[in-house]
Amino acid sequence: MLVLGIVGSPRREGRTASLVNAALQGAASTGADTERIYLVDYQIRPFVGQGGAEEGVRFVPSELSALCTTADALVLGAPVYFGEINGLTKDFMDSVRIPNENGKPALGIAIAGGSGKGLYSGVQSLYHWFYHRQMRAIDPTPATRFVMNATLAELYHSGERLAQMASQLRPFAGAGREDRWAELAAYYADLPYLRCDMVDEFMTLAHQLVHTRRDHPNWEQAMDALRLAHESMMRGERAAAARQAVQAYDLLLQA
Ligand SMILES: Cc1cc2nc3c(=O)[nH]c(=O)nc-3n(C[C@H](O)[C@H](O)[C@H](O)COP(=O)(O)O)c2cc1C
C-alpha cells in the first residue's frame, strides 16, 4: 500500500515539505509504503487547452498522473500565496488524471507561513478539488508558522489515519460519477474549516498568538481585544469582531 506525499512548494526544505513529511511519517508508522515528490521536479504547465479536462495530458506528465493513480492515498501540501494555494499546485490540480479517484483517501495541507492570512481559503481550495475529484478527504489542515509544532504532531496522526483508510477503500456509492454527488456533498458538509471566512481566519490567528506569546508586553491588551471579538461573534456582529480580532493580532505580531 502506497501513501504518496506531494509537495506543491518550490522550496524543497520549506514548511510545506516538513508538514507533508510529518503525515508520511505517521503513515509509515502503520507499515504503509510512502513516497514524497516535489511538483517542481515535473514539467507542469498551466492548462491552456480549448476543450475539456481530457486535454490535461498535455500539461501534466503522464508519469505523474500514473503515480497518483497507483497511490492508495494522497497527501497534498501547498503553500499559501496571497490567500490562495500557489499556482504550481493549482496547475497540477487542473490537469492531473486519476481514473480511480472515487473514494481515494486524501489529506490536504495549506501553509500560510507568513502573516497567516489565507490559512482557511488555502485549505478550502484543496478540499474543493478533493470533492470535485470524488476523493474521500480527511482532516483539512490549515497551517501557520505560529503553531507549527502542534500542527506537525497532528499531521502524524492524520497520516496514520489516512494509511488505515487506504487499507479499506470506501468508494462513494453510485452507478456512475454523476450519481454520487448527494453522498459526496453530505460527506464534505461535515468537514471542518470549509465554511470559514476571513473573520474566522483572524479569530484563529489572534487565538494562536494569544496562546503562544504569553510573555509579550501587549498580551493583556491583546487578550482584552480578543475577548471583545468573541463577544461580538456571539452577538453575530462579525464586522466588529473582525476589527477586534485584527487589533489583538496586531498587538502580538511584532516582537
Ligand atoms: C508570492 C508569495 C505570497 C505569499 N502570500 C502569503 C499569504 O497570503 N499569507 C501568508 O501567510 N503567507 C504568504 N506567503 C508566505 C508563505 O506562505 C510562506 O513562506 C510559506 O512558508 C511557503 O511555504 P514553503 O515554506 O513550503 O515554501 C507568501 C509567499 C510568497 C512567496
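## Ground rules

You're looking at a predicted model, so local features need pLDDT of at least 70 and side-chain atom pairs count only at pLDDT 80 or more, while totals for chains, interfaces and linings use all residues. Residues are numbered from 1 along each chain as its sequence is written.

Helices (H or I, at least four residues) and strands (E, at least two) are DSSP runs, numbered from the N terminus.

## Helix H4 and what follows

H4 takes in residues 119-132. Its buried residues include Leu 119, Tyr 120, Val 123, Leu 126, Trp 129 and Phe 130. The expected span is 1.5 Å times one less than the number of residues in the helix.

After H4 comes Gln 134, in the loop between H4 and strand E6 (136-144). Gln 134 isn't a glycine, yet has a positive phi of about 65°. Gln 134 counts as buried because 21 C-beta neighbours lie inside 10 Å.

## Around the ligand

The ligand is surrounded by 18 residues, and the closest are Gly 14, Thr 16, Pro 79, Gly 113 and Gly 114. A residue makes this list if its C-beta atom, placed from the backbone, lies within 6 Å of the molecule.

Helix H1 (15-28), strand E3 (73-81) and strand E5 (105-112) each supply at least two residues of the shell, and E3 gives the most, with three.

Strands E1 (residues 2-7) and E2 (residues 33-38) run parallel, joined by six bridges; two strands pair if DSSP finds at least two bridges between them. To get from E1 to E2, the chain goes through H1 in a right-handed β-α-β crossover. Right-handed means that, with the strands pointing away from the viewer, the path from the first strand over the helix to the second runs clockwise. Leu 2 stands opposite Asp 33 in E2.

Over in E3 you'll find Leu 76, which is buried because 29 other C-beta atoms lie within 10 Å. Leaving out residues up to four places away in sequence, Leu 76 touches Ile 6, Gly 8, Ala 106, Gly 108 and Leu 126; contact here means C-beta atoms, placed from the backbone, within 7 Å. The C-alpha atoms of Leu 76 and Ile 109 are 6.2 Å apart, although 33 residues separate the two along the chain.

## Toward H9

Tyr 193, in the loop between helix H6 (181-189) and helix H7 (198-212), has a positive phi of about 80° without being a glycine. Tyr 193 is partly exposed, with 19 other C-beta atoms within 10 Å.

Helix H9 (residues 238-253) has 16 residues that should span 22 Å at 1.5 Å a residue, and its end C-alpha atoms agree at 22 Å apart. Its buried residues, among them Ala 241, Gln 244, Tyr 249 and Leu 252, pack against H7 and helix H8 (219-234).

How values were computed. A residue is buried if 20 or more other C-beta atoms lie within 10 Å of its own, exposed if 12 or fewer, and partly exposed in between; C-beta atoms are placed from the backbone. Two residues are in contact if their C-beta atoms, placed from the backbone, lie within 7 Å.
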